[in-house]
Amino acid sequence: MEDSGKKRSFRKGLVLGMVLAAAAFCLSGCATAFLLPRFAGGGSSGGKQIDAKIQELNQYIEEYYLFDYEEEDVENGIYKGLMAGLGDVYTGYYTPEEYASFMESSNGSYSGIGAMMQQDYTTGIITVVRVFDDSPSAEAGMQPGDVLYEVEGEEVTGQDLSLVVSDLKGEEGTQVRISIVRGAEVLEMTLTRKSIQVPTVESRMIKDEIGYIAITEFDDVTEEQFMVALSSLEMQGMKKLIVDLRDNGGGLVDVTCAILDRLLPEGLIVYTEDKYGNRQEERSDAENYFDGGLAVLVNGNSASASEIFAGAVKDYGVGTLIGTKTFGKGIVQSLFPLPDGSAVKITVSRYYTPAGNNIHEVGITPDIVVEAGEDPEEDRQLQKAIEVLSR
């Protein structure tokens, strides 16, 4: 089996959902040569043509543009436009400030509004999937299902979700103006940012020998929180486990695979293939295999890293998936920091479940399909999981 160092080499740089792991990268001279006039020197005819057109546009701006502007903003706009031109909602450019703010979220704490967002990859619509207790969002009355429409007067539909989240974060005590759509209403909110400690794992015993662990996202802190929760439940006599991944938009592959390594038998967890057909694998060593009954709850907001989790459990047949079909994000991004503190996020590969399934734009259908129902207090999906494990 691979040692832990080799395992980490696969996991680093894989990006799924809302949070990212970092990798080292520097743009090639050819890639940057045509972005701005001062980067002149790109050898290709296409690069020279683009360089000439940018200079021509600059002349029109200097001669006719009415308002003042910051050259740095124009420069960043060119970089962002280059990445946006690829037409991939998951690929984008981050300024140094955006990159620093974005990376903060994977540490399990940040200063912001305290709401978890998910983006539909076809429409670009950003939806609230969770509102943290005692957060600015909760105090303002934000609800799961609300559609984020504007941030500081700018429409955010179709924008990179990571950048939108970065705009929502900021120094504690500062304010951010947003508008949300709820049904036919457009609601305006002014939220005062504050320090948020992201609770990524919740656990409890719920019946006899059945334990329950909910994972809201796969952050740096999640692995330790999960292991502590699992150990505590086992000490309380847990023999069967429900893992709740509903509304979990993803996170770090590193963390996801570490948790699966604790639950799965020995074998393949997930593999990726890039544009050249290069394959990388992540495997379980089964040193601490959980051999009790297992049920996993999923829904349409269970995405990316959550789907790696659900797909592995389903392919191995070690647990029962219950709920509704998952989101369907089966592609992987890598985050490449640049020397000036900025970064680019690029879709680099597809991931496949142990059985060789790529679920991008398809999702995973549960073993037992159960709709959520209109009464959230009833929680029909959780009740079905308890029923299945009680047999």
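pLDDT is the predictor's confidence in each residue, from 0 to 100. Keep that scale in mind here, as this is a predicted model. Across the protein the average pLDDT is 86, and 87% of the residues reach at least 70. Let's take a tour of the structure, topic by topic.

**Where to be careful**

- Look for E62, D68, E70, E71, E72, D73 and E97, which form a negative surface patch.
- Helix α4, covering residues 71-84, contributes the most to this patch, with three residues.
- E71, one of the patch residues, sits in helix α4.

**Salt bridges**
- You can find 13 salt bridges in the structure.
- One of them joins the side chains of E202 and R130, with 2.9 Å from N to O.
- E202 belongs to strand β11 (residues 201-207) and R130 to strand β5 (residues 126-131), so this pair ties together parts that are 72 residues apart in sequence.

**A closer look at T320**
- T320 is found in strand β18, which runs over residues 320-323.
- Leaving aside residues up to four places away in sequence, T320 touches L294, A295, V296, D367, I368 and V388.
- T320 and P366 are 46 residues apart in sequence, and their C-alpha atoms are 7.7 Å apart in space.

Note on methods: Residues numbered from 1 in each chain as written. Predicted model: local features only at pLDDT ≥ 70, side-chain atom pairs only at ≥ 80, totals over all residues. Heavy atoms only, no water. Patch = residues over 30% accessible without salt bridge, like charges linked within 9 Å, V, L, I, M, F, W, Y side chains within 5 Å. Areas by Shrake-Rupley, 256 points an atom, 1.4 Å probe, with all protein chains shown as cover. Salt bridge = Lys/Arg side-chain N within 4 Å of Asp/Glu carboxyl O. Lys, Arg positive; Asp, Glu negative; His and termini not counted. Charge placed at Lys NZ, Arg CZ, Asp CG, Glu CD. Helix = DSSP H or I, 4+ residues; strand = E, 2+ residues; numbered from the N terminus. Contact = heavy atoms within 4.5 Å.
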